[in-house]
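Please look through the structure shown below, and keep it in view while reading the paragraphs that follow.

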Amino acid sequence: MNRNDFLKTIGILPFTNMNLHELKTISDEFPKSDKMPVVFIGHGSPMNALADNKFTDSLALLGKTIETPRAILVISAHWLTMNKTYVSVNPSPKTIYDFGGFPEALYKVKYEPKGSPEMAREVIKEVKSIGILEEHQMGLDHGAWSVLRHIYPAANIPTFQMSIDFSKPPQYHFELAKELQNLRNKGVLILSSGNIVHNLRQVKWGDNNPTPYDWAVEFDAIVKKKLDNQQFAELADFKAFGSLGTIAHPSYDHYLPMIYSAGLINAKETIKYTYEGVEMGSISMRCFQVG
């Protein structure tokens with residue numbers, strides 16, 4: 001019996017000698033057996049951290065509908081490492097401003113939840129295929145905090161990041177993601193943050209709500225179809241996209257977080273798209289939730 005079923009059951013039993021405080025203590029300690037969801041966020045511009053629009057509304061809704069996690073593991077396009085994978089065991093991660101040329105207000109944003117060294121070390125235990133290393137200084141990059149400040153504005157959920165070994169191909173990350181599955185049984189929300197289409201060279205700067213490029217719409221639609229058909233391994237075969245993949249991702253750093261989400265999906269789980277659209281002509285903002 002999971003925690004939710006337990007709470008439903010006790011709702012029909014005649015408790016006579018137990019007060020609400022005692023009941024809450026029991027329910028809080030009851031183990032959670034339901035899997036936490038997997039979430040992929042197309043994070044777009046850092047300026048979304050300050051925005052109030054349909055995209056940020058969709059993020060706020062996630063925080064209201066997902067069961068409160070024990071911790072959040074973020075896999076972001078903005079923590080890339082070479083030849084090694086790291087997980088942050090920093091107990092007090094700071095806000096990282098890993099960008100330049102933006103308004104001063106963006107640099108004044110602070111989003112600094114506690115870290116979760118305990119759950120970070122669970123990542124090291126769960127992954128058997130490689131030796132994941134501890135990193136003690138890592139904060140939260142903007143792929144993490146710019147979206148989490150809308151999902152959990154109180155910054156009250158312990159949060160940590162795992163790096164992406166950029167020397168490895170997409171298939172490697174797809175297989176690595178499968179080894180993270182059991183974290184979902186331990187109350188960890190795994191949130192990947194990137195973009196399904198990400199070409200900064202083709203951005204239509206200054207245009208107000210510009211028309212998306214045809215190739216951006218096409219690539220986004222292909223990825224959605226493969227997700228719908230559970231053709232996850234095909235998503236990891238990035239070379240199969242040919243020139244379309246190259247223009248959608250001149251560098252596939254923002255594509256790899258989505259591969260982690262795909263690798264974490266179980267066969268019978270459904271995918272719910274929580275937001276979709278293309279910003280600045282060449283950046284897909286598609287987001288989805290599994291579980």
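How many aromatic pairs does the count come to? The model is a predicted one, and in it the count comes to 18 aromatic pairs. One of these is formed by Phe241 and Tyr255, whose rings are arranged edge-to-face, with 6.4 Å from centre to centre and 80° between the planes; an angle over 60 degrees is what places a pair in that class. Phe241 lies in the loop between helix H9 (232–236) and helix H10 (242–248), while Tyr255 lies in the loop between H10 and helix H11 (256–263), so the pair ties together parts that are 14 residues apart in sequence. Both Phe241 and Tyr255 are buried, and the two rings also belong to one aromatic cluster, which is formed by Phe166, Phe219, Phe238, Phe241, Tyr252 and Tyr255.

Phe166, a member of the aromatic cluster, leads us to another part of the chain, for Phe166 is one of the residues in contact with Thr81 once the neighbours of Thr81 within four places in sequence are left aside. Thr81 itself lies in strand S3 (residues 80–81), and because its relative accessibility is 12%, Thr81 counts as buried. A polar atom of the side chain of Thr81 lies 2.7 Å from the backbone oxygen of Lys84.

Between S3 and strand S4 (86–88) there is a loop, and Asn83 lies in it. Is Asn83 buried or exposed? With a relative accessibility of 55%, Asn83 counts as exposed. Most residues other than glycine have a negative phi, but Asn83, although it is not a glycine, has a positive phi of about 70°. Asn209 is another residue other than glycine with a positive value, its phi being near 55°. The place of Asn209 is in the loop between S8 and H8, and at 68% relative accessibility Asn209 counts as exposed.

The loop between S8 and helix H8 (214–228) also holds Asn199, which counts as buried because its relative accessibility is 3%. The side chain of Asn199 has a polar atom 3.2 Å from the backbone nitrogen of Gln202, and a polar atom of this side chain lies 2.6 Å from the backbone oxygen of Ile247. Ile247 is also among the residues in contact with Asn199 when neighbours within four places in sequence are left aside, together with Trp215, Ala248, Pro250 and Ser282. The C-alpha atoms of Asn199 and Met280 are separated by 9.8 Å, although these residues are 81 residues apart along the chain.

Finally, we can turn to the empty space inside the model. Rolling a probe the size of a water molecule over the atoms shows where such space is left. The structure holds two cavities of 30 Å³ or more, and about 40 Å³ of space lies in the second largest cavity. Which residues line the second largest cavity? Its lining is made up of Val39, Leu62, Ile66, Leu148, Ile151, Tyr152, Leu189 and Leu191, and the elements that give two or more residues to this lining are helix H6 (142–151) and strand S8 (188–194). The lining residues divide into eight nonpolar, no polar and no charged.

Note on methods
Residues numbered from 1 in each chain as written. Heavy atoms only, no water. Helix = DSSP H or I, 4+ residues; strand = E, 2+ residues; numbered from the N terminus. Buried < 20%, exposed > 50% of the residue type's maximum accessible area, 1.4 Å probe, protein only. Polar contact = N/O pair within 3.5 Å; in protein donor to acceptor, adjacent residues only side chain to side chain. Contact = heavy atoms within 4.5 Å. 1 Å grid on protein atoms, 1.4 Å probe; cavity = no way out; pocket = protein on both sides within 12 Å on 5 of 7 lines; lining within 4 Å. Points joined across faces, edges and corners; volume = space filled by probe spheres on them. Nonpolar A, V, L, I, M, F, W, Y, C, P; charged D, E, K, R; others polar. Phe/Tyr/Trp six-rings, centres within 6.5 Å; stacked < 30°, edge-to-face > 60°.
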